[in-house]
Amino acid sequence: MLIQAEKDVVEQMLSSLAISLLQNRVAPSYEQVMHHFGLACERAGLIATEEVAVRILKRVSSEINEAQSVLEFIGRGADLMH
């Protein structure tokens, strides 16, 4: 179960990854994903332990994998920005 700050990080990561995908037209590298993770944690005021990082990254991965297409994923990210 994610706490609210972790949920905020997931939402921020999904929206920023969607924007990145639109801008670059390629899937982000591992380094880029971790950069988005770091920024999202900063914005949410969350100091992530390894356990927290694993939970958040699993949730982000799950959300991405649940999308039936890239457009659906981008739509989810855009919805989170509003």
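Arg25 lies in the loop between H1 and H2, where helices are DSSP runs of H or I of at least four residues and strands are runs of E of at least two, numbered from the N terminus. Although Arg25 is not a glycine, its phi is positive, at about 60°. Most residues other than glycine have a negative phi. Arg25 counts as exposed because its relative accessibility is 74%, given that exposed means over 50% relative accessible area, buried under 20% and partly exposed in between, with a 1.4 Å probe and protein chains only.

The model is predicted, so that local features need pLDDT of at least 70 and side-chain atom pairs count only at pLDDT 80 or more, while totals for chains, interfaces and linings use all residues. Residues are numbered from 1 along each chain as its sequence is written, and side-chain values use heavy atoms, with hydrogens and water left out.

Seen as a whole, the protein has 4 helices and 0 strands, and its elements run α-α-α-α from the N terminus on. Of its 82 residues, 32% count as buried.

The packing of the helices can be followed from H2, residues 30-44, to H3, residues 50-66, which pack at an angle of about 115° with their axes 12 Å apart; axes are lines fitted to C-alpha atoms, for helices over the stretch in contact, and angles run from 0 to 180 degrees between N-to-C directions. H2 is therefore roughly perpendicular to H3, in a scheme where 65 to 115 degrees counts as roughly perpendicular, under 35 as roughly parallel, over 145 as roughly antiparallel and the rest as oblique. Val33, Met34 and Phe37 of H2 make the contact with Ala53, Ile56 and Leu57 of H3, contact meaning heavy atoms within 4.5 Å. By class, this contact of H2 with H3 has 6 nonpolar, no polar and no charged residues, where Ala, Val, Leu, Ile, Met, Phe, Trp, Tyr, Cys and Pro count as nonpolar, Asp, Glu, Lys and Arg as charged, and the others, Gly among them, as polar.

H3 also meets H1, residues 4-24, and the axes of these two helices come within 10 Å and cross at roughly 45°, so H1 and H3 are oblique to each other. Their contact includes Glu6, Val9 and Leu17 of H1 as well as Arg55, Arg59 and Glu63 of H3. By class, the contact of H1 with H3 has 10 nonpolar, no polar and 4 charged residues.
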